[in-house]
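Good morning, and thank you for coming. Please have the sequence and the structure open before you as I speak.

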Amino acid sequence: MTELSLVQAVNAALKRAMDEDSRVLVLGEDVGIDGGVFRATDGLFNSFGEQRVLDTPLAEASIAGVSIGLAAQGFRPVAEIQFTGFAYACIDQIINHASRLRSRTRGRLTCPMVLRAPAGGGIKAVEHHSESPEAMFAHIPGIKVVIPSSPARAYGLLLSAVRDPDPVVFLEPTRLYRAAREDVADDGTGMPLERCFTLRPGHDLTIVAWGAMIREALEAADQLAKENIEAEVIDVATLKPLDSATILASVARTGRLVIVHEAPMTCGYGAEIAARVAGGAITSLLAPIERVTGYDTMMPYLRTEAYYMPNVPRILAAVRRTMAYA
Amino acid sequence: MSGSEISIRSTRVLDSEGKIVGAMPEFARNPTILLRLYRALVLTRTFDTKAVALQRTGRLGTYASSLGQEAVAVGAAAAMEPTDVFVPSFREHGGQLWRGVTLKELFLYWGGDERGNDFSSPREDFPTCVPVGSHAPHAVGVALAFRLRGEKRAAVCVFGDGATSKGDVAEALNMAGVWKVPAVFVINNNAWAISAPREKQSAAVTLAQKAAAAGIPGAQVDGNDVIAVRAVTEEALARARQGLGPTLVEAVTYRLCDHTTSDDASRYRDDAEVSRHWPAEPLVRLRNFLTNAGHWDKAKEEALLHECSSAVEQAAEAYLATPPQPLSAIFDFVYAAMPTDLMEQRKAATLAEGAA
């Protein structure tokens, strides 16, 4: 066991994946000798050389597009986009090609690639560097969307993403990159995709979140525990495909649901979860579903970004509304 | 300042009457090869005519014709080795047929059936690409895969004049140049991108000169001269296999058809312009050359037309007799392993279908 930060866990998973499978390549801007702007690929160039760690020209759409060609040829490219605000340039390639290559060729050509990008705000970055586009990606049939919330899950989920036979968009919460360290066993064990993780059991209400917002969700649960309110905290982790069963079973027990995400509210992924719960557990609900999310505004610049970010007081307020509802 | 005046070599072997006006490449001294090329052009046009007819009678979806441009894809594909990978746009039926895609598969694809992309051969070729130019980076990835594995294979990507205005193509050429990947990019410059004429597409004097910005060679070729297209592509492929990197080839041809069967080119293009280009079309010049060389006559022509026509008719019948895929098929190829929630949708849809 080694104590790793989330970005170190990403690095360890990439190294492990490249060690175990010579088809795995890493490509992107500055991923080589520089080790990536966040150092996620640090040391890989020295370990694996320029044949497997490829610095690309500055062209996000083609980083995705070239990965599709490589994947169709049997490689397992892991492409890094420096920030999700620049990943929008890849969306044409992801929607029109990566996601449907298997379907449109009836399985003849496939696209086992991973598109990694740091996501989310709270890091006082310049504009376009704090986006939370997970719902846009989750809307695309044929891809998987994964967001880890801890070093151990970053390690296990990324390994599974690289081994997956289909394209995976892997969004890494920038705010958590160096926020905390935990013991990670670098033993090559992947964690299942299509599985939610119950991080804290509780019987009074269910809080569902993912990525960096897991921190606030757990902190809110800690405070609620002092008031004898036991919140169950679920990390969705893989947004697509969604493990509805875990969420539905939890709500069936608690009857109350608060969904927390950083992305804007309208058409956010919380809406999908709320709809599934309304469809699958309506008779268990004791209160309206609450959503604590970013606002339907632009992500503010750094001086005012705290206004936008969901925080513990907002989560607690939503929980209290939920708990007070009778 | 002379950036707009980049010198670009242009190649032509046969003029529009079939007279030799350029250096005959080695392969063209073999009549068997020329007859094969001619047959490919005729087969492509026969398929094309049938596809338009099927669409007009409601038995095929919207179809992008290759009328007048057959020599571009046929010439490019004919220069390839079977183990190379073809990354076509949507007007390269002739190249696909040359590579071994079947007539029935082409009909299935244009008839709206994904199985048409599940080529019985060549298994590694990319399917038709509809979003313009977005496949160019795929060819770079495929070629990069060959380079990384140390294979002597190459990727050939075809796109239209309109695609050269897109960032995808600029990015792909640039990346291909940086990495010196074994790829050949062929522009089917057919003078029109739906209603946009060539001069409104780019102020560049030639499209081939866009190669210069990527630091790679660019060449023009008479896109109605299948011998020249094959020769220039072969030369580019030889360079690619030697590790010398990619090439951009601009095949200059003309779109004698509408953009697709949904288009009416008379809204924006004079019929007189189309008529002016008919004499330069690719079939007649090769036929004239073969006839003058004593390799071709009326009887052989009739026999070939009959052979192509029956092959196309047979394939069309086979396509029309193919039942659509079952409802479950729309779910079955989304992922390698079907996720639970998709399985539930599939089950519900299948039940509803069964009850209906």
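Predicted model: local features only at pLDDT ≥ 70, side-chain atom pairs only at ≥ 80, totals over all residues.

Where is Pro241(A) found in chain A? It is in the loop between β12, residues 238–240, and α10, residues 244–254.

Pro122(B) is in the loop between α4, residues 103–110, and α5 of chain B.

Asn228(A) is not a glycine, yet its phi is positive, at about 65°. Please look for Asn228(A) in the loop between α9 (213–226) and β11 (231–235) of chain A. Is Asn228(A) buried or exposed? There are 7 other C-beta atoms within 10 Å of Asn228(A), and a residue with 12 or fewer is counted as exposed, so Asn228(A) is exposed. In chain B, Ile194(B) likewise has a positive phi, near 45°, and is a residue other than glycine. Ile194(B) sits in the loop between β5 (192–193) and β6 (196–197) of chain B. Because Ile194(B) has 12 C-beta neighbours inside 10 Å, it too counts as exposed.

One more loop residue of chain A deserves a moment. Pro133(A) lies in the loop between β5 (114–119) and α7 (134–138) of chain A. With 19 other C-beta atoms within 10 Å, Pro133(A) is partly exposed. Which residues does Pro133(A) contact, leaving aside its neighbours within four places in sequence? They are Thr84(A) and Ala87(A). Note also Ala263(A), which is 130 residues from Pro133(A) along the chain, while the C-alpha atoms of the two are separated by 6.9 Å.

Let us now turn to chain B as a whole. Chain B contains 14 helices and 8 strands. Its C-alpha trace spans about 70 × 50 × 45 Å along the principal axes. A compact globule of 356 residues would have a radius of gyration near 21 Å, and chain B, at 21 Å, agrees with that. Of the residues of chain B, 49% count as buried. If we take the contacts in chain B with a separation of 6 or more, 75% of them are between residues 24 or more positions apart. The domain assignment divides chain B into domain 1 (10–325) and domain 2 (329–356). The C-alpha centres of these two domains of chain B are 38 Å apart.

Why may we call β4(B) largely enclosed by the rest of the structure? The reason is that 7 of its 7 residues are buried. In general, the side chains of a regular strand alternate between the two faces of the sheet. In β4(B), Ala183(B), Phe185(B), Ile187(B) and Asn189(B) point one way, Val184(B), Val186(B) and Asn188(B) point the other way, and all are buried. Strand β3 of chain B, residues 155–160, pairs with β4(B) in the parallel sense over 6 bridges. Across this pairing, Phe159(B) stands opposite Ile187(B).

Ala183(B) leads us on to the nonpolar core. The largest core has 205 residues, and Ala183(B) is among those with the most contacts inside it, together with Leu115(A), Ile207(A), Ala143(B), Val156(B) and Val249(B). Helix α1 of chain B, residues 31–56, gives the most to this core, with 10 residues. Another core, of 5 residues, lies apart from it and includes Trp192(B) and Tyr254(B). Setting aside neighbours within four places in sequence, the contacts of Ala183(B) include Ala143(B), Ala155(B), Cys157(B) and Pro246(B).

Finally, where do the chains meet? The contact takes 33 residues from chain B and 34 residues from chain A. On the side of chain B, the elements that give two or more residues are α5 (136–149), α6 (167–179) and α14 (340–355). The largest share of that side, 9 residues, comes from α5(B). By type, the side of chain B that touches chain A divides into 19 nonpolar, 7 polar and 7 charged residues.

Thank you for your attention.

Definitions and conventions
Residues numbered from 1 in each chain as written. Chains lettered and ligands numbered in written order. Domains from an automatic or database assignment. Core = buried A, V, L, I, M, F, W, Y, C linked by C-beta atoms within 7 Å. Buried ≥ 20, exposed ≤ 12 C-beta atoms within 10 Å, placed from the backbone. Helix = DSSP H or I, 4+ residues; strand = E, 2+ residues; numbered from the N terminus. Contact = placed C-beta atoms within 7 Å. Nonpolar A, V, L, I, M, F, W, Y, C, P; charged D, E, K, R; others polar. Rg over C-alpha atoms; globule rule 2.2 N^0.38 Å. Pairing = 2+ DSSP bridges.
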